[in-house]
Amino acid sequence: MKRFFSVLFLMAIAAGATGYWLWGDLHRYMSTSVALEAPVESLVVEKGTSFNRLLNQLEKASLIDNPLYFKVYARLNKLAHRVKAGEYQFASDVTPAELLDKMVRGETVQHYFTIIEGTTFRQLRSALAAKAPLLKTTIADMSDQEVLKAIGAKEQHPEGLFLAETYQIKRDSTDLELLKRSYQQLQTALQASWDSKEKSLPYKSSYEALIMASIVEKETAVAAERPQIAGVFVKRLRKGMRLQTDPTVIYGMGERYKGNITRKDLRRPTPYNTYTIPALPPTPIAMVGREAIQAALNPVVGKWLYFVAKGDGTHQFSATLRDHNNAVRQYQLRRKREYRSTPE
């Protein structure tokens, strides 16, 4: 009997020593970098992925070579069911513990999409389609009106309804989700500026202010000029003058515009030709940024009634038609080869 207990004691010591060694080996493994030949740029964990399937993904990507240890560690620390779906990147010296921690915290890869100031909704749709497969395409077969309905917009025309800025996106998010987010941010920014606007402005609604912002956006890329240009247009509206702004003519021409505007184009009536209509056009003509909205609702209304592009991206402002005509002769009729209407 004494010998039996001695054997049991030795077995217990051996089991304890083995367990201690395994415990130490487990932690050594989890804290030792995997030493990849190159970083893993993209590992996508789909929603609903089981932990065993995740183990197979990680092993296939050479991120782990002992799935049993990895699984035991995750189970013991109650992390196996806390891994978040998404796209991940891993450095070549990542440890299995760091890898698991990153996926538990959901430190997914962030991508970006920029809605550029002055672009049209048609151009935006093309840019979204070009972002596939990063962005899932869902609006390709939808009409503009169907898109507006899907994002909960009350407006009937999509132009100008999406705030021009850079958005953080995740792989497998949809183009419709991005449009909805952008639309909501535009509404928030517009309403905030509308609530603090000058009371004397000649806008009947915040939508009219958005129309003005889109015209300002198309007229200049120089931030300092936006309030002044908005001021010229506001003064013209107050006086009952036509805005006579080329970007609205171009927008109304649609596909007929080939890079130049003729006198015939200026005289041809369209709902957007502000040389023929004595008011704002019916909708915005482009996407706008926050600065253009601010300019439209906080214009600098001075003595100016006219402006003309100088050819270096800026404009010459004039208070009288005589001064304006002189500026046109100076900057427009004698155009230099390096002339441009907007900054490079």
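User: Is H324 buried or exposed?
Analyst: This is a predicted model. In it, H324 has a relative accessible area of 14%. That value is under 20%, so H324 counts as buried.

User: Where does H324 sit, and which residues does H324 touch?
Analyst: H324 is in helix α13, which covers residues 321-331. Leaving aside residues up to four places away in sequence, H324 touches Y306, F307, V308 and S318.

User: F307 is on that list. Which aromatic cluster includes F307?
Analyst: F307 forms one aromatic cluster with F233, W304 and F317.

User: How many aromatic pairs are there in the whole structure?
Analyst: A search of the whole structure gives nine aromatic pairs. One of them is F51 with F70, a stacked pair with 6.2 Å centre to centre and 15° between the planes. F51 belongs to helix α2 (residues 51-60) and F70 to helix α3 (residues 67-76), and the two are 19 residues apart. Both F51 and F70 are buried.

User: What is the geometry of the pair F233 and F307?
Analyst: F233 and F307 are edge-to-face, with 5.6 Å centre to centre and 70° between the planes. F233 lies in helix α9 (residues 226-239) and F307 in strand β5 (residues 306-309), so this pair ties together parts of the chain that are 74 residues apart in sequence. F233 and F307 are both buried.

User: Changing topic to charges and rings. Where does the charged end of K197 sit?
Analyst: The charged end of K197 sits over the ring of W194, 4.0 Å from the centre of that ring.

User: Now the helices. How do α8 and α12 pack?
Analyst: Helix α8 (residues 206-219) and helix α12 (residues 290-297) pack at an angle of about 115°, and their axes are 8 Å apart. The crossing of α8 past α12 is right-handed.

User: Which residues meet there?
Analyst: On the α8 side they are A209, M212, A213, V216 and E217; on the α12 side they are A292, I293, A295, A296 and L297. By class, the contact has nine nonpolar residues, no polar ones and one charged residue.

User: Which residues of α12 are buried, and what do they pack against?
Analyst: A292, I293, A295, A296 and L297 are buried in α12. The buried residues of α12 pack against α7 (175-195), α8 and α9.

User: A loop next. Where does T138 lie, and how accessible is T138?
Analyst: T138 lies in the loop between α5 (121-130) and α6 (144-150). Its relative accessibility is 36%, so T138 counts as partly exposed.

User: What does T138 touch?
Analyst: Not counting residues up to four places away in sequence, T138 touches T174, D175 and L176. As for E177, which is 39 residues from T138 along the chain, the C-alpha atoms of the two are separated by 9.5 Å.

User: Finally, the overall picture. How many helices and strands are there, and what share of the residues is buried?
Analyst: The protein chain has 13 helices and six strands. Of its 344 residues, 41% are buried. Among contacts in the chain with a separation of 6 or more, 66% are between residues 24 or more positions apart.

Note on methods
Residues numbered from 1 in each chain as written. Predicted model: local features only at pLDDT ≥ 70, side-chain atom pairs only at ≥ 80, totals over all residues. Heavy atoms only, no water. Helix = DSSP H or I, 4+ residues; strand = E, 2+ residues; numbered from the N terminus. Buried < 20%, exposed > 50% of the residue type's maximum accessible area, 1.4 Å probe, protein only. Contact = heavy atoms within 4.5 Å. Axes fitted to C-alpha atoms, helices over the stretch in contact; angles between N-to-C directions. Left-handed = near helix turned anticlockwise from the far one by under 90°. Nonpolar A, V, L, I, M, F, W, Y, C, P; charged D, E, K, R; others polar. Phe/Tyr/Trp six-rings, centres within 6.5 Å; stacked < 30°, edge-to-face > 60°. Lys NZ or Arg CZ within 6 Å of the ring centre and 35° of its normal.
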